[in-house]
Amino acid sequence: MRLDIVTLFPAIFDGYLTQSLLDKAIQRELVQIHRHNLRDWAENTPHRKVDDRPFGGGPGMLIQVEPTVTCVDSVEAMDPRPARRILLTPQGKRFDQRMAEDFATSERVLMLCGRYEGFDQRVVDILQPEEVSIGDFVLNGGEVAAMVIVDAVVRLLPGVLGDENSSIDDSFSRGNRLLEFPQYTRPREFRDHAVPDVLLSGDHKAIAKWRDQQSLDRTQKRRSDLLEPDNENN
Ligand code: 6GU
């Protein structure tokens, strides 16, 4: 998969892309991640301006349509495969595991990170991106949201996770609508907190039953919305 990230702050991604699972996936060429500074497509004004005040008034600045559309055009021309266009905005459709699984089937994804009050509406009208939000809260820009999506999608790509860390049993994955059960490792006891006896019993049937019950209890207590029959994730 090829990922293109258009942003005014490409350095935000520096540490993230060079650590752990992402770094390994990039090294092994399971994913190619390219960052593009939107300012590189600014008109040749002294400050390479890409933002301006909203018509009709109001607070803040908007990212302008011209550098954005020019940037996306030239980034898309860097590779012949058609890109799935995603624009990160709190106005978007809420990101979830199902969407991550869907994005993971694409050969190419282009993400547009907004800042300030967002983009000129004509960016959306012309490029017709999928508008995506990561939740009901407001971030200072789309970069952290883009990292969330990259993280959730890349771990689903074939070969990224080893068998021992397989993603099929993850909470929220297709076919699993329950939260995960609690797990324990050594020591058996710490500050009067003991590992539940059943996990030490060697009785695999009893262990499986206990885990299912724990998943159900947790889900009822914390996320009863996941158990409703008309839940969009079911
Ligand atoms: Cl995608 N962007 C911003 N700025 N805030 C958000 C978001 C995105 N998703 C949730 N909050």
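These are my notebook entries on what I looked up in the structure above.

**Ground rules.** I am working with a predicted model, in which local features need pLDDT of at least 70 and side-chain atom pairs count only at pLDDT 80 or more, while totals for chains, interfaces and linings use all residues. I number residues from 1 along each chain as its sequence is written.

**Overall form.** I found seven helices and nine strands in the chain, where helices (H or I, at least four residues) and strands (E, at least two) are DSSP runs numbered from the N terminus. The radius of gyration, taken over C-alpha atoms, is 22 Å, well over the 17 Å that the globule rule gives for 234 residues, so the chain is more spread out than a compact globule; the rule itself is 2.2 Å times the number of residues to the power 0.38. I also noted that the C-alpha trace spans about 70 × 40 × 35 Å along its principal axes.

**Domains.** I looked up the domain assignment, which is automatic or from a database, and it gives domain 1 (2-154) and domain 2 (177-227). Their centres, taken over C-alpha atoms, are separated by 39 Å.

**Around the ligand.** I listed the residues around the ligand, among them Leu 88, Thr 89, Pro 90, Ile 134 and Ala 145. Strand 5 (residues 84-94) gives the most to this shell, with three residues. By class I read seven nonpolar, five polar and no charged residues, with Ala, Val, Leu, Ile, Met, Phe, Trp, Tyr, Cys and Pro counted as nonpolar, Asp, Glu, Lys and Arg as charged, and the others, Gly among them, as polar.

**Record check.** The unreviewed UniProt entry places the feature "binding site" at positions including Gly 114, Ile 134 and Asp 136; I keep in mind that such annotations may be inferred rather than shown by experiment.

**Two residues of one loop.** I found Ile 134 in the loop between strand 7 (130-133) and helix 6 (143-154), and Asp 136 also lies in the loop between strand 7 and helix 6.

Key: Near = placed C-beta within 6 Å.
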